[in-house]
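Please keep both in view as you go.

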Amino acid sequence: MHPTSAPFPTTRFRRLRASAALRDLTQEHRLSVKDFIWPVFIRAGENTVEPIASMPGVNRLSIDRVVEAARMADGLGIPAICLFPYTDTALKTEDCAEAWNPDNLTNRAIRAIKAAVPGIAVMTDIALDPYNINGHDGFVVEGRILNDETVEALVKMALAQADSGADILGPSDMMDGRIGAIRQALEAAGHRNVTILSYAAKYASAFYGPFRDAVGASGALKGDKKTYQMNPGNSDEALRLVARDLDEGADMVMVKPGMPYLDICRRVKDTFGVPTYAYQVSGEYAMLRGAALNGWIDAERSMLESLLAFKRAGCDGILTYFAPEAARLLNG
Ligand code: PBG
């Protein structure tokens with residue numbers, strides 16, 4: 001398609017902007033409550049709500065409180081919630097065994113939410129970092145991140161989450177070959193309808209800082225994640241990764257972070273036409289929230305505008321910490 005227009009004054013673009021009714025009628029992209037996946041942080045304890053300093057308004061919740069949050073989200077019409085555990089340092093080891101413990105925080109939270117709020121889809125994270133004494137997404141040996149051994153661990157983690165009732169598995173580790181290995185294991189175990197939303201194009205980004213505080217991984221992390229997460233200077237590579245993950249059995253794909261990578265969202269959607277999601281990550285949330293709290297930008301308008309941008313860039317949905325707040329506004 002190539003846009004044409006007759007010369008002024010035959011064409012006046014301002015005609016279609018002259019009233020709210022005309023603006024509504026001609027709007028190309030819309031944000032809906034149904035676009036949201038809400039990431040939440042879980043912690044041990046009961047009836048506990050613990051604020052996260054670098055993410056004002058976001059808390060770590062004990063499982064009973066997460067169930068309440070899921071009920072609230074379901075009531076708002078949000079289709080999915082995504083769980084991230086804050087793991088006790090005492091449970092972090094080099095072999096990361098807590099990651100596939102059927103009774104770890106995540107697996108208990110999945111079961112509690114599915115029992116109390118069956119209508120909301122539960123998404124999980126598959127990566128070793130919350131359980132790793134080294135803070136990395138994979139096993140570390142002599143400073144190197146092992147690929148194939150990590151994939152074996154991720155498969156165990158995926159099966160434990162699927163057995164607990166997870167609807168959407170989110171491998172966020174960026175090891176090679178993990179989608180194929182997880183998909184095969186799910187099929188072999190009879191988990192035919194468990195979906196995989198692959199963190200396919202995940203960049204080594206500075207915008208994950210507040211998240212690492214939230215899950216207690218910042219202090220632990222030695223070095224950076226550049227040998228497995230993508231180079232921010234690359235774009236074609238994202239398409240190859242998405243193609244690879246789809247071939248291996250991903251049902252949906254993600255671009256992460258979000259706002260600095262809208263060009264990647266658009267390329268992925270145009271190239272593959274598959275369900276495509278962006279993660280508006282912790283640092284993006286912190287920037288918008290921080291500026292709003294300082295009175296430098298309008299909180300509600302900047303939030304909704306940032307989310308609408310993902311729809312315009314071709315995304316089918318957004319993982320966003322703003323989900324309940326945005327949902328309330330959208331629901332009027
Ligand atoms: C860990 C993981 C990260 C995020 C989601 N899963 C952090 C990282 O890769 O270091 C980041 C989410 C956010 O910043 O909001 N595998």
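The sections below go through the ligand site, a salt bridge and some backbone features.

## About the model

This is a predicted model, in which local features need pLDDT of at least 70, side-chain atom pairs count only at pLDDT 80 or more, and totals for chains, interfaces and linings use all residues. Residues are numbered from 1 along each chain as its sequence is written, and side-chain values use heavy atoms, with hydrogens and water left out.

## The ligand and its shell

Y321 places a polar side-chain atom 2.6 Å from a ligand oxygen, and Q229 has one 2.9 Å from an oxygen atom of the ligand. In the side chain of D137, an N or O atom is 2.9 Å from a ligand nitrogen. How much of the ligand's accessible area does the protein cover? The protein covers 100% of the 400 Å² that the ligand has on its own, by the Shrake-Rupley method with a 1.4 Å probe.

## A salt bridge at D137

D137 turns up again here: K225 forms a salt bridge with D137, and their closest N and O atoms are 2.6 Å apart. K225 is in the loop between α6 (209-214) and α7 (236-248), while D137 is in the loop between β5 (121-126) and β6 (140-141), so the pair ties together parts that are 88 residues apart in sequence. The structure has 16 salt bridges (a side-chain nitrogen of Lys or Arg within 4 Å of a carboxyl oxygen of Asp or Glu). Helices (H or I, at least four residues) and strands (E, at least two) are DSSP runs, numbered from the N terminus.

## Backbone details

Two cis peptide bonds deserve a look. One runs from F8 to P9, with omega near 5 degrees, and P9 belongs to the segment before α1 (20-25). Another joins K256 to P257, with omega near -5 degrees; P257 is in the loop between β10 (252-256) and α8 (262-272).

Finally, visit E142 in the loop between β6 and β7 (144-145). E142 is a residue other than glycine, yet its phi is positive, near 50 degrees.

How values were computed. Polar contact = N/O pair within 3.5 Å; in protein donor to acceptor, adjacent residues only side chain to side chain.
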